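The entries follow in the order of looking.

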Amino acid sequence: MLSTHLLGSLLLFALCRTAVSSKAECKNPCCLFVENAAGKLKNLRVLFRQIRSYYEENDDLETVLLDDGVLQQFKTRYGCHVVNDVLRFYHDTVLPAATNDTQRDEGFKTKIDSIGQLLKNLMREILHCRNYFSCIEPFDINQIIKTYNGMEKKGMMKAMGELDILFNYVEDYLVSKRRRN
């Protein structure tokens, strides 16, 4: 009879071998992007964690920008467009407003710029892989933009306070696109 230690080692070896062989089968650049997306989103979360409390403390609005309806849109057949449009909204509208916030120092703004660069790279890869995602029909982001604009200056605080929700939605979307081997 095998010892518990040897049995555990064999099981660990089998699991590692399975993980390595399934990674090896993922040769398509878009498949690799999806498989490695968790690491990219982790980098975004680490950066955001360093500035998050400021935005949450200054968000006194009850309205939510990224509600469950947005998450449901992420899960549709045109989810790649939804993800891209929401990321573009954050990249082109929210982050520049956060960078221009005169109450923050340069180190703070550097973190926001880094988040912006990572979002830009993420958008580029998602657009490149839209065929891999079998993506159809565009998403209409106008409701999010209308709500954001209606919040005036507080919209930036709200949107920045919800970055973690955005990261979760993007991760859910990308995880749903993993190919089962």
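Which residues in H5 meet which residues in H6? I noted first that this is a predicted model, in which local features need pLDDT of at least 70 and side-chain atom pairs count only at pLDDT 80 or more, while totals for chains, interfaces and linings use all residues. Residues are numbered from 1 along each chain as its sequence is written, and side-chain values use heavy atoms, with hydrogens and water left out.

**Entry: H5 and H6.** I found that Cys80, Val83, Asn84, Leu87, Arg88, Tyr90, His91, Leu95, Ala98 and Thr99 in H5 meet Lys109, Ile112, Asp113, Ile115, Gly116, Leu119, Lys120, Leu122, Met123, Ile126 and Leu127 in H6, where contact means heavy atoms within 4.5 Å. By class, I have 13 nonpolar, four polar and four charged residues in this contact (Ala, Val, Leu, Ile, Met, Phe, Trp, Tyr, Cys and Pro count as nonpolar, Asp, Glu, Lys and Arg as charged, and the others, Gly among them, as polar). The helices themselves are DSSP runs (H or I, at least four residues), numbered from the N terminus. I read the axes of H5 and H6 as coming within 10 Å and crossing at roughly 160°, which makes H5 roughly antiparallel to H6 (the term covers angles over 145 degrees). Axes here are lines fitted to C-alpha atoms, for helices over the stretch in contact, and angles run from 0 to 180 degrees between N-to-C directions.

**Entry: H5 and H9.** I then looked up helix H5 (residues 79-99) against helix H9 (residues 163-176), whose axes come within 11 Å and cross at roughly 155°, so H5 and H9 are also listed as roughly antiparallel. On the H5 side I noted Gly79, Cys80, Val83, Val86, Leu87 and Tyr90, which meet Leu163, Leu166, Val170 and Tyr173 in H9; by class, this contact has nine nonpolar, one polar and no charged residues.

Entry: The 21 residues of H5 should span 30 Å at 1.5 Å a residue, and the end C-alpha atoms are 28 Å apart, which agrees (the expected span is 1.5 Å times one less than the number of residues).

**Entry: H2 and H6.** Last, I looked up helix H2 (residues 29-49) and helix H6 (residues 106-128), which pack at about 165° with their axes 10 Å apart, and H2 and H6 are therefore roughly antiparallel.

Note on methods:
Helices (H or I, at least four residues) and strands (E, at least two) are DSSP runs, numbered from the N terminus. Angles under 35 degrees count as roughly parallel, over 145 as roughly antiparallel, 65 to 115 as roughly perpendicular and the rest as oblique.
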